[in-house]
Amino acid sequence: MTAIQNPLRIVILGGGFTGASLAWQLARMRLPVRLTVVEPRPELGRGLAYSATDPAHRLNVPAHRMSIDPENRSDFADWLAENPDLPDPQATAPNGDLYVQRALFGRYVAERLAPHLASGAVRHIRARVSDVAHGANGDLLLLLSDDNRIHADLLVLASGHPAPALPRPLAGLAGSSLLVADPGDAEALAAVPQQARVLILGAGLSAADAVATLDRQGHAGQITCLSRRGLQARGQGAAEHDSQADFTAPPARRVSDLLRRVRHAIVDDQARGNGWHATFWRLRAQAPQIWAALDMTERRRFLRHLRVWWDVHRYRLAPQTEAVLARLTDQSRLEFVAGHLLDAARRGGGVDVRWRPRGRSQPQQAHFDRIIVTTGPAQDRCIDANPALGALARLGLIVPCPLGLGLATTEICRALDAQGRASNRILIAGPLARGHLGELTGAPECASQTSQIAREIARHALLGPILHPAAARPAVAAGHRPPLS
């Protein structure tokens, strides 16, 4: 085959879980491709979530549901069984499930990918993409932060979650030691005084991680979590049996109909001895089909009215983290407050903060020694926050998702360009494609999506030279590749 002599040059931007999962699946296929992952971290598979070194940061999904291989859901659990000496004595929850330190999952992914790196099937370039240009033969030219350049016939955007955006009322504190703008900044969290009165903006999993880190470090001060609704992430609960609910036959076309069916399913699951947790596992599994059945108006309605309720039930706490929050709440050292942040001003060695409590008109004010921002990834600003995405946007090759959930894509995750056309060169993997697929943040969902992308790339790599022989690139020169079909 011509393609064997002229391998398709595939470049994956981002080597976190999504990028590593795609690289692993493509490498196993032994395709006639040249596969490169551009990722500045020393190991592939870690990303932001699984490069965490804090032992208090744990998976919020049981180990038996986590895997790099969507066809073998027990792969991570099997790896743990093969490595019984891994140091995590507190991993076992009361029901027997394992909620291990996130760093262990990162190590597992890195080890699964290591043989393909050693064989040369996957090349890892430790750099960032600083700019993108059109190549002379229709490909893409990537300019790297180390001053090197590489060409891509197919470019996969797998850069994951953008960092949280700094709320406008805190703009005057930017760069101050009083503000921890990135909850993943271990040094900044370590510098929080043990008796400091801390305000955490947000109340989700990132806020819970920040609380767990402060507690592990011996923090003994008061912690307040401020969010619009004051809702705390739920715990895991027990699900003795899988839910039998089906939200796809027939599909719900309206959010109100979907909500009614979810409520009925929870009642049915409780009658079978399960809690609402089983229902949400079912919702999670069927999320792509559920989301696809909703038109743009109904999707916006979901995001406006139900997203916060979905988030607190879908993104649940690891039992160990839940225990920390419960203990601090019982000790009156942790509170969750509903309100809207108004402004913040330095005073003395701390910050005076004003917010409007939910349902009230009169603002409230308090003095804090430190503020930690855990408002979640700024998905609507992903292009501005990433030089590579910014460069592609300037070329008109990508556009934001109209829902503010990453980038605009087609059903098979081709990027949509500024004219609304499906790209022949750019695919979108992982959370950046969430706007089209609905639920695309957890490792199980990302692994399933990258499996679909891998099959599409395989079809292109194997059938392209056969279906479009005139477009095949000669072995000695770069040229145009046939479009994805």
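## Asp-417 and Arg-421

Asp-417 and Arg-421 form a salt bridge (a side-chain nitrogen of Lys or Arg within 4 Å of a carboxyl oxygen of Asp or Glu), with 2.9 Å between the closest N and O atoms. Asp-417 is buried, at a relative accessible area of 10%, whereas Arg-421 is exposed, at 51%. Here buried means under 20% relative accessible area, exposed over 50%, and partly exposed in between, with a 1.4 Å probe and protein chains only.

Salt bridges with shared partners also link Arg-9, Asp-139, Asp-153 and Arg-425 into one network.

## Basis of the model

The model is predicted: local features need pLDDT of at least 70 and side-chain atom pairs count only at pLDDT 80 or more, while totals for chains, interfaces and linings use all residues. Residues are numbered from 1 along each chain as its sequence is written, and side-chain values use heavy atoms, with hydrogens and water left out.

## Salt bridges in the structure

Side chains of opposite charge can pair when their charged atoms come close. The structure has 22 salt bridges.

One of them joins Arg-301 to Glu-298, at 2.2 Å from N to O. Both residues belong to helix H10 (residues 296-305) and sit 3 residues apart, about one turn of the helix; helices (H or I, at least four residues) are DSSP runs numbered from the N terminus. Glu-298 is buried, with a relative accessible area of 5%, and Arg-301 is partly exposed, at 28%.

Another salt bridge pairs the side chains of Arg-46 and Glu-43, at 3.0 Å from N to O. In this pair Arg-46 is buried, at 16% relative accessible area, and Glu-43 is partly exposed, at 35%.

How values were computed: Helices (H or I, at least four residues) and strands (E, at least two) are DSSP runs, numbered from the N terminus.
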